Structure formats: structure tokens, C-alpha cells
Amino acid sequence: MNILAFETSCDETAVAVVRGGRHILSNAVLSQIDVHALYGGVVPELASRRHMEVVAALTGQAIAEAGLDRRDIGAVAVTHAPGLIGALLVGVGFAKGAAFALDKPLIPVHHIRGHIAANYIAHPELRPPFAALVASGGHTLLLDVRNYTEMTVLGSTRDDAAGEVFDKVARVLGLGYPGGAALDRLAAQAAPGAAGAFHLPRPRVEGNPYDMSFSGLKTAALSLLNSARMKNEEVDRAGLAAAFVGAVCDTLVSRTALALQNLGYETCVLAGGVAANTHLRRSLARSLPGALYMPPAALCGDNAAMIGAQAWYEYVSGASADMALNGYASGSLG
Ligand code: KG4
Ligand code: ZN
């Protein structure tokens with residue numbers, strides 16, 4: 001079945017056509033970075049307006065690039081949670097219209113489930129169960145994925161998301177917005193051993209052993225930069241970037257290794273925008289015992305192909321919505 005999928009939860013307008021959960025027929029993504037860069041972060045109202053301006057044309061483009069006619073679409077899928085509520089509602093409203101006009105089922109998809117499903121497209125042999133680490137601009141979660149539609153959260157960040165702290169430190173380093181990828185590139189330029197000159201804390205979280213915390217680490221890096229600035233001292237920016245990325249990844253990797261060990265799973269899946277981070281990919285590959293699956297960089301960030309992939313499994317398990325479907329700024333994965 002060909003699923004027409006929509007993703008508008010944040011600052012990417014995305015429409016894709018995916019066949020049978022695993023094959024991308026088209027994957028159109030229109031980033032709004034230029035709209036928000038001026039403000040140093042996503043402006044929710046501007047995001048909603050931009051989604052409205054482009055979603056119809058992008059839909060035509062996605063169907064044409066798939067080489068299909070509207071009548072070849074078997075179902076319509078949309079991210080309904082979590083995300084910016086105004087932005088989500090544009091996608092939900094448009095998808096409802098499309099499903100109604102085509103007289104096809106409407107399938108709501110949780111954004112985080114979609115990120116995980118990017119791996120089903122990239123790795124045909126991948127099947128649950130597995131442990132998943134999902135790290136993005138809004139979420140940092142460790143999950144026990146028992147099957148395609150049943151998963152539980154083992155632990156999560158208690159404060160900032162990993163992508164969020166990458167973006168904040170990148171901004172103070174003058175790398176623009178969103179700075180995660182630029183910080184990754186800067187860290188790669190550090191001289192061997194340069195990161196060792198910076199002493200950043202490894203946060204300890206009481207209680208749930210899978211929970212994480214990144215805001216103390218962020219504050220430590222920012223105050224290091226601040227005090228150097230006040231003393232008019234030069235900072236080795238690449239060294240600091242490498243130390244910071246390394247510290248964040250240490251937490252992510254150690255929690256993921258613990259989850260794998262305790263669950264007794266052989267397989268680990270990485271997902272979300274931060275999954276594009278080269279240091280994280282390398283250290284997970286080095287540290288984890290079993291098979292590690294990661295999406296290619298192009299499917300790490302927000303896209304609609306991942307929503308179309310997950311939608312197939314939601315559909316098979318019997319999930320569908322009617323015209324009363326709403327969007328939700330937060331929503332549980334269960
Ligand atoms: O999943 P995503 O596209 O959007 C959300 O659902 O939030 O993730 C975006 C996040 C941003 O914080 C961005 O800076 C970060 O992913 N990111 C990276 C890299 N590429 C994107 N962080 C670290 N290293 C990268 N290479
Ligand atoms: Zn995302």
C-alpha cells in the first residue's frame with residue numbers, strides 16, 4: 001500500500017509517499033531554517049504560517065515524484081503529536097482534508113515512533129525487539145521497543161534535550177542556528193588531546209538509572225566561555241566543542257549500554273536529529289556489544305518518509321482516526 005505522509009511538527013514541512021512501510025517513493029522536505037535563523041530559534045507562529053503556505057504544493061510534488069496518481073494512494077498518515085501545536089494542526093488539518101477527499105483511511109503517527117521507523121527504511125532486515133536511543137532537539141529518550149507499535153520509555157532527560165544543549169552551546173560559539181551539525185564539524189577540527197584541557201562534569205542523576213541530565217553540562221560550558229571572555233582570554237573553540245560533544249555522548253552511550261545489558265537485547269537502534277552526530281555514531285559503534293542500526297544522515301532529521309514508514313505498522317495493528325483527529329503538543333508513546 002502507498003501511504004501519503006505529512007510531517008509538520010516543527011520547522012520542516014515534509015510530505016512523502018512510502019510503500020509497505022519500507023520503500024520511499026518520494027520524500028519532499030522543505031526546511032524553514034531561513035525563516036527562523038534571524039531569531040536564533042523556531043518562532044512557532046511563523047512555523048505554522050510557512051507550513052500553510054507550502055504544504056499543498058509540496059503534496060503535489062511528492063505525489064508526482066513518486067510517479068503516482070492520487071488514486072494510487074491507499075492511506076494518509078500524519079504526525080499528530082508531539083510538537084508545536086499550531087504547526088501540528090496545519091499537518092493534521094491538511095491530512096484530514098486529503099483523507100476525506102481521497103476517501104482513504106487516516107493514520108495518526110507519534111513523531112518519536114516515526115524517528116525510530118526511519119531505521120526500517122534504511123535497514124530492511126531490522127525487526128523489533130530492540131533498545132532505542134532517540135535524541136533530537138526536543139527529546140532524549142531510551143526505549144524498550146517490544147514490537148512495531150508497543151514500546152515503553154525506560155528513561156529520559158530530566159531537563160534539556162541533547163539537541164537543545166548542542167544548539168545552545170553552538171549559538172554562544174557563534175555557529176548560528178540550529179548549530180548541532182556545525183558544532184559536530186567544529187569538534188572534528190580539534191587537535192588530538194585538545195578536549196582534555198576542558199574539565200566538564202559528568203552529571204549524575206539519582207533514581208532511575210536510565211534518566212539523563214544535560215543542563216548542568218551546558219551551564220558549565222557556557223560559564224567557561226563567559227569567564228574567558230571577561231578575562232579577555234582566547235578559548236580553543238574546537239577543543240571545547242569536542243569536550244562538550246564528548247561529555248554529552250558519554251552520558252548517552254553509557255545509559256544505552258546499560259539498557260541493552262539489562263534488557264538482554266542484541267540490537268540497538270539510534271534515531272532523531274542528533275543521530276547524525278559523528279562522535280555519537282562512532283562511540284556507540286565502539287561501545288555496544290550487539291548490532292547497531294542508525295539511519296543515514298538524510299533520514300535522521302525530521303522528514304515525512306519516517307512517518308509513512310511507521311504509519312504502515314500502525315495501520316496493520318488496526319490504528320486509524322476519523323475526522324475528529326486533533327493535534328497534541330505532548331503525547332505519550334504508549
Ligand atoms: O529530530 P530533529 O530534526 O527535530 C526534532 O524533532 O527536534 O532534531 C533536530 C536536532 C537539532 O537540535 C540539531 O542541532 C540536531 O538535531 N542535530 C545535530 C546534528 N545534526 C542535527 N546534533 C549534533 N550533531 C549533528 N551532526
Ligand atoms: Zn524530530
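Figure 1. With a relative accessibility of 0%, Phe6 counts as buried (buried means under 20% relative accessible area, exposed over 50% and partly exposed in between, with a 1.4 Å probe and protein chains only). The model is predicted, so local features need pLDDT of at least 70 and side-chain atom pairs count only at pLDDT 80 or more, whereas totals for chains, interfaces and linings use all residues. Residues are numbered from 1 along each chain as its sequence is written, chains are lettered from A and ligands numbered from 1 in the order in which they are written, and side-chain values use heavy atoms, with hydrogens and water left out. Phe94 is partly exposed, at a relative accessible area of 29%. The rings of Phe6 and Phe94 form an edge-to-face pair, 5.5 Å centre to centre with 65° between the planes. Rings of Phe, Tyr and Trp (its six-membered ring) pair if their centres lie within 6.5 Å; planes under 30 degrees apart count as stacked, over 60 as edge-to-face and the rest as tilted. Phe6 belongs to strand S1 and Phe94 to helix H3 (residues 85–102), so the pair ties together parts that are 88 residues apart in sequence. Helices (H or I, at least four residues) and strands (E, at least two) are DSSP runs, numbered from the N terminus. A search of the whole structure finds seven aromatic pairs. One aromatic cluster is formed by Tyr120, Phe130, Tyr148 and Tyr313.

**Figure 2. The sheet that contains strand S1.** Five strands form an open sheet in the order S3-S2-S1-S4-S5, with mixed pairing; two strands pair if DSSP finds at least two bridges between them. Strand S3 (23–31) and strand S5 (106–110) stand at the edges with a single partner strand each, so one side of each is left without a neighbour in the sheet. On average, neighbouring strands of this sheet are turned by 20° against each other, direction ignored. Axes are lines fitted to C-alpha atoms, for helices over the stretch in contact, and angles run from 0 to 180 degrees between N-to-C directions. Six bridges pair strand S1 (residues 2–7) with strand S2 (residues 12–19) in the antiparallel sense, and Ala5 stands opposite Ala16 in S2. Helix H2 lies across S1, S2 and S3 and runs at about 25° to S2.

Figure 3. His80 lies in strand S4 (residues 75–81) and is buried, with a relative accessible area of 17%. Neighbours within four places in sequence aside, His80 is in contact (heavy atoms within 4.5 Å) with residues including Leu88, Val92, Pro108, His110 and Tyr328. Leu38 is placed in the loop between helix H1 (33–37) and helix H2 (44–65), and is exposed, with a relative accessible area of 70%. From C-alpha to C-alpha, Leu38 and Ala5 are 29 Å apart in space, and they are 33 residues apart in sequence.

**Figure 4. The sheet that contains strand S6.** An open sheet of five strands has the order S8-S7-S6-S9-S10, with mixed pairing. At its edges stand strand S8 (150–156) and strand S10 (291–293), each with a single partner strand, so one side of each is left without a neighbour in the sheet. Neighbouring strands here are turned by 25° against each other on average, direction ignored. S6 and S9 run parallel and are joined by four bridges; Ala132 stands opposite Val269 in S9. Helix H8 packs on the sheet, touching S6, strand S7 (140–147), S8 and S9, and its direction makes about 25° with that of S7.

**Figure 5. The nonpolar cores.** A nonpolar core is a set of buried Ala, Val, Leu, Ile, Met, Phe, Trp, Tyr and Cys residues joined through side-chain atoms within 4.5 Å. The largest has 49 residues, of which Leu183, Leu200, Phe244, Val248, Leu252 and Leu280 touch the most other members. Among the elements that each supply at least two residues of this core are strand S6 (130–135), helix H6 (180–188) and helix H8 (237–263). H8 gives the most, with 14 residues. Apart from neighbours within four places in sequence, the contacts of Leu183 include Phe166, Val169, Ala241 and Phe244. A second, separate core of 36 residues includes Ile121, Leu141, Ala271 and Ile307.

**Figure 6. The site of the zinc ion (ligand 2).** The protein donors of this ion are His111 (NE2), His115 (NE2) and Asp302 (OD), which lie 2.0 to 2.1 Å from it. Donors are N, O and S atoms within 2.8 Å of the metal (3.2 Å for Na, K and Ca); water is not among the atoms, so sites may look incomplete. The spacing of the donor residues in sequence is H-x3-H-x186-D. Distant parts of the chain are linked by His115, in helix H4 (residues 111–122), and Asp302, in the loop between helix H10 (297–300) and helix H11 (305–316), 187 residues apart. Both His115 and Asp302 are buried.
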